[in-house]
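Q: I'm new to this one and would like a close look at a single part. Could you walk me through it?

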2 protein chains.
Amino acid sequence: MTETYESRTEHGSAILARREPIVYEDGQYARALKAEQLADYERDGFIMLENLFSAEEVAALLGEVHDLSQEGEKRNWNEAIREPGSNKVRSVFRVHSLSEKIGALARDPRLLNVARQILGSETYLHQSRVNFKPGFHGKEFYWHSDFETWHVEDGMPAMRALSCSILLTDNVSSNGPLMLIPGSHRQFIACQGVTPDSHYKESLRKQEYGVPDPLSLELLAEQGGIYQAVAPAGSVVFFDCNVMHGSSSNITPWPRANVFMVYNSVHNTLKTPRYGLAPRPEYIATRDGFEMLLPEQEAKAKSV
Amino acid sequence: MTETYESRTEHGSAILARREPIVYEDGQYARALKAEQLADYERDGFIMLENLFSAEEVAALLGEVHDLSQEGEKRNWNEAIREPGSNKVRSVFRVHSLSEKIGALARDPRLLNVARQILGSETYLHQSRVNFKPGFHGKEFYWHSDFETWHVEDGMPAMRALSCSILLTDNVSSNGPLMLIPGSHRQFIACQGVTPDSHYKESLRKQEYGVPDPLSLELLAEQGGIYQAVAPAGSVVFFDCNVMHGSSSNITPWPRANVFMVYNSVHNTLKTPRYGLAPRPEYIATRDGFEMLLPEQEAKAKSV
């Protein structure tokens, strides 16, 4: 297999053009987004759908993820990642199987059909997680392309995956909302520096590898600007696996809690990681026995 | 002297009502702001004046402060404060006397007359500094009231001082702009914890004392919201010495550089610090031989 997207070598950083489509099968595989919404997604690499979930649904999910975070902290789950320099839970992974409610959310047609439409195929969950950015002391997430990590560390072959972030609290411009660089999904930023084995335990707390260089970031931001994903709770932002994103710290009293679902095309399952790295655990990257997703109704119909 | 604003004791945190006016002498001492602008300042504790300085003036000042920061780093000035965990200059103090251009800025009628009008008297420079928040790795400044520090550590008697921040780069919502809590200047948040001597060297890098408690912050933010001082370079925000403010980290490629001038009323000169603390150095808090400020033209006329 030739390496299309080489990264983390001693060669230094580089900007490579994306080889894959952004919207697959001309967006005909499922019907969820309108043509102009698909065009926005194709141009920017993301789309914000405001108020996709009701206040009641959000309240139920928020209760659920708080329970998960407390449970994870108490029981010292591997899935519960702590803040750097503190014992506070920053993320919980594999939430779709830790919680039935969130498992159902993963199959909710409002999310899943957007993913199927954009990826032009059936999908499965590559990863699910909830990110907490507590008030007062929420830490930043530095800029990164998810695909860069998934390609190198998980062996994801192509850019045929997307994330959606379901906002469980109001995301305002001051409480460290997700920031995305429009158009950055069209370029792959090869990062410098070789990755040590098992570094994922630390990298989920604080990134050190797969960090894009300042010059490339400057270029991307000059070209596309920076979009802050500011929207009320219940909104969902869908974003391409290669869009450059990050978020600032949160010193406001207002916590930020978002659930992330990563949908991958069933035609894009994981191969071996690069550079002889050991595969990351299942709760970070589904590999053994992934389950094809179908919208809830269809899944129910099939299970009868 | 009885203590009106007790802070940093073992008593715990408390919210005390402000005793002093916000605008002194009914805003009649000088003419700079209009009545409605004064009313905004009185209500919110700050006012943003957009595009007060021209692009040429800003470019000249920006060049000057960059020179100062490099000089300060090279010569290891006391006035040059480094980022926590790095050698990068985060702030340079006493810039009005390190640079003639900035000395002139301190007497610019566009700044000084606003200060004289609000404080209802002649003023002097309690402190001047430039804050750099570099791109990519600019660190946050946690919430604080300047007066709390100046009262405890410098012996400033009353709330009769103000700061102005002259924006030398565009401050946007994503690059860690100054955040202020409207209305917070009407309440004094007494902080918990005794202050060790000479802690200012560390506190300018990273705050540990004079930190307001989360509950009080939550209350203030619920009452007043959070205002981000977002404006183009050349704009100036004037803010009361007791308004609660801070700023988030900056991971964007866009640096943030602001000059701060702190004007104090000549009727409010410093007394001894609280709790037997040693006075902080002159470059942080003017004490010996402060110089009454007059607008540049008047100063020139008098010097003839």
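Which strand of chain B do 2 bridges join to β6(B), and how do the two run?

A: That partner is β12 of chain B, residues 245-247, and the two strands run antiparallel. A quick note on the ground rules: this is a predicted model, where local features need pLDDT of at least 70 and side-chain atom pairs count only at pLDDT 80 or more, while totals for chains, interfaces and linings use all residues. Residues are numbered from 1 along each chain as its sequence is written, chains are lettered from A in the order in which they are written, and side-chain values use heavy atoms, leaving out hydrogens and water.

Back to the strands (DSSP runs of E, at least two residues, numbered from the N terminus). Within the pair, B:F141 sits opposite B:S247 of β12(B). Both strands belong to an open sheet of 4 strands in chain B, ordered β6-β12-β8-β10 with antiparallel pairing; pairing takes at least two DSSP bridges between two strands. At the edges are β6 (141-144) and β10 (227-228) of chain B, each pairing on one side only.

Now for the contact with chain A (heavy atoms within 4.5 Å): 25 residues of chain B and 25 residues of chain A take part. Between them the chains bury about 2000 Å², 64% of it on carbon and sulfur atoms; that's accessible area (1.4 Å probe) lost on being put together, summed over both parts. B:F136, B:I251 and B:W254 supply 30% of what chain B buries against chain A, more than any other three residues. β6, β12 and α8 (214-224) of chain B each supply at least two residues of the side touching chain A; helices are DSSP runs of H or I, at least four residues.

Methods. Buried area is the accessible area (1.4 Å probe) that two parts lose on being put together, summed over both.
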